[in-house]
Amino acid sequence: MTETKTDKFTLINELARRRGFFWQAYEIYGGTAGFVTYGPLGTRLKQNIEKKLRDLFVNKLGIIEIESSIITPGKVFEASGHVGHFKEPMVECSKCNKRFRADHLLEEYARISAAEAEKMSLLEIKEAIKKNAITCPDCGGSFNEPQQFLTMFVTTIGPYSGATGYGRPEAAQGIFVEFNRLYTIARERLPFGVLQIGHALRNEISPRQGLIRLREFTIADLEFFFDPEEPNCHLLKDVENDILPILTAEKRLKGSEEILNITVKDALKQKLISSEWQAFFMAIAKKLLIDLGVPSNKQRFIEKLPWEKAHYSTQSFDQEVLVDRWGWIEVSGHAYRTDYDLKNHMEASGVDLRVYKEYAKPIEEEQLVVKPIMAKLGPVFKAESAKVAELLASVPAEEVMAALEKNGFYQIQNYKILPEHVSISRQKTIVRGKRFIPHVVEPSFGCDRLFYVALEYAYHAKDDRVILRFPRSISPIQVGVYPLVSKDGLVEKAEAVYKLLVMEGFSAEFDDTGSIGRRYARADEAGIQLGITIDYDTLNDDTVTVRDRDSWQQVRASIKDLPELLRRYFMGKINFHELGTLIQNK
RNA sequence: GCGGUCGUCGUCUAGUUGGUUUAGGACACAAGCCUUCCAAGCUUGCGAUCCCGGGUUCAAAUCCCGGCGACCGCACCA
């Protein structure tokens, strides 16, 4: 590991500290692992990335956005299964100090299934280890007391330590618990999606890798609800010919890393992806990463193996990006959560979270109905007649009728029902709709990881200089404004141009120190997209030079046209050369 | 949590067999001069109780112990 000194991770972390993208938090107290502070440039870059997510999902796809709280009552994460799944029983070898998942050991050496092991208490685990004489697979040493590692942050809500609260490990539950209200606000129509971008907390055992694994991080969870009986994605045609680079679970099980480049359409046809909506969002996620500067061939979707999947998911893909230091890292997860979450919250809370959908045409159904005749039942069963009626209602009418016809009576528990006790008729009922729990596909993005890969893919070295070639839509600062030299009134003119651009809504920076070359270099390192320089010609004809960060080419444009030109440039409607006439540099 | 390597101005680092070190340099930054397009130059300035705490010693950035943090490996990453 000698070359790790100058890999991109090291270079980026150094640049990030020096120029104010991000750094480790709480440095003056020695730093705390897993927490970062974003500086001025980083905050802007992160905002621009989040803006990109909003633009893609909220503006273009009509998905609604909410913001819910981070501290969450214990009940929510008990119902969602997180309390059960976010903690792992671990044992440590007393001899070699190696740690193992206790449930994995039991599975392997005691033939206790994963499902069973999950339900076991620490005491039961300890006894099972003893009973099966399980020792350290590495050195044969004995294990000490099993311990639970809960990776959620726990707190108490209120001053008297009454209720347990958890720091949310994902933003998704904040959406599920508000489902009824959100569904109403979305005017009770499926499909619909809800996005939440916010902080989440995971008390990682040992966070490392800088921004890649944090204890407090920004997550963007999108829960997309649809009717499982109408799983078709009406937007599929927009992406059906997009290529998805997929590494399937099947290939992975065979030890293969071979990536299948397959169109969305074919991936669905071959049932590699079980949900159209999931495939759709995977295509969108790929586009997002391209927009952030990660080329298609540096991305892949890797299907999770059964035991790798989250407890709530039937099929999961991780979107991965190739980075210099660690190879493939996950930037987003795509899970088919089915009705798992809503169902659990419905059971735990007792609140109906089903939706009602009217059929296009009401369905007429003929039903056999057994109706107790209370005037007859009363005298026979006295005080118990109400109970008898209730029991009758709970059994299929067909069963009662068949028994009466065959035997002349129907026995239910201790009660003997005779034909004269009931009236049997066929009734027409009109069913106008159905109630069901919507299914959910969830794309979930780690914003800090998006930030890191955007930074890494923007990082370029040219001779001794560093240039951050961000896509223009996420550049933290759009334009720098510079007087060529700091005399003869150029500074004043440049200040006026700077002020104009700021008033027009551009993120701009003014710099008049040092030589012009030094300022360009400084700007390149901060990823400033364009440099606007005020020179002696400006004083004569009110034109300025506009410099492109990536090509270092310059065009000349008139100040009065600048706001409109720049607006169109940053919207991606015109390219750099359309900003003005090219200048031939000596 | 375990093992390994490491921690010196904003950044990168020299120094670490204990002693002319008031801890040196480079870059960056600030002020001034200069400067008509890619980190030019000159002058001046700012900036580190050497991660924190304790110990050994006449003397500690340097040795020892503990803590915190970083990276790598193991484990963990629902």
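The paragraphs below walk through this predicted model, from the RNA strand to the sheets and a few local details.

Residues are numbered from 1 along each chain as its sequence is written, while chains are lettered from A and ligands numbered from 1 in the order in which they are written. Because the model is predicted, local features need pLDDT of at least 70 and side-chain atom pairs count only at pLDDT 80 or more, whereas totals for chains, interfaces and linings use all residues; side-chain values use heavy atoms, with hydrogens and water left out.

Let us start with the RNA. RNA strand B is surrounded by 55 residues, the closest being F86, R202, A310, S515 and R522; a residue is near the strand if one of its heavy atoms lies within 4 Å of it. Sorted by class, this surface has 15 nonpolar, 16 polar and 24 charged residues. Here Ala, Val, Leu, Ile, Met, Phe, Trp, Tyr, Cys and Pro count as nonpolar, Asp, Glu, Lys and Arg as charged, and the others, Gly among them, as polar.

A polar side-chain atom of E14 sits 2.7 Å from a sugar or linking oxygen of RNA strand B. Helix α19 gives the most, with seven residues. Helices (H or I, at least four residues) and strands (E, at least two) are DSSP runs, numbered from the N terminus.

Helix α1 (residues 8-19) also meets another helix. Its axis comes within 10 Å of that of α17 (residues 447-458), and the two cross at roughly 100°. That makes α1 roughly perpendicular to α17; angles under 35 degrees count as roughly parallel, over 145 as roughly antiparallel, 65 to 115 as roughly perpendicular and the rest as oblique. Axes are lines fitted to C-alpha atoms, for helices over the stretch in contact, and angles run from 0 to 180 degrees between N-to-C directions. From α1 the contact uses K8, F9 and I12, and from α17 Y452, L455 and E456, where contact means heavy atoms within 4.5 Å.

Next come the sheets. Strand β27 belongs to an open sheet of six strands, ordered β25-β24-β26-β27-β28-β29 with mixed pairing; two strands pair if DSSP finds at least two bridges between them. At the edges are β25 (508-510) and β29 (581-583), each pairing on one side only. Inside the sheet, β26 (residues 530-534) and β27 pair in the antiparallel sense over four bridges, with G531 opposite R547. Helix α18 (residues 490-503) packs on the sheet, touching β24 (479-483), β25 and β26. Helix α21 (residues 562-570) packs on the sheet too, touching β24, β26, β27 and β28 (554-558).

An open sheet of three strands has the order β4-β9-β8, with antiparallel pairing. Its edges are β4 (71-73) and β8 (154-157), each with a single partner strand, so one side of each is left without a neighbour in the sheet. The twist averages 45° from one strand to the next. Strands β8 and β9 (residues 163-167) are joined over four bridges, where T155 has G165 as its bridge partner.

We finish with the backbone. Most residues other than glycine have a negative phi, and most peptide bonds are trans. The bond from L190 to P191 is cis, with omega near -5°, and P191 lies in the loop between α9 (179-185) and β10 (192-201). D542, in the loop between α20 (536-541) and β27, has a positive phi near 60°. Another positive phi, about 55°, belongs to D463, in the turn of the hairpin formed by β22 and β23 with two residues between them.

Terms used:
A polar contact is a pair of N or O atoms within 3.5 Å; within protein, one must be able to donate a hydrogen and the other to accept it, and residues adjacent in sequence count only if both atoms are side-chain atoms.
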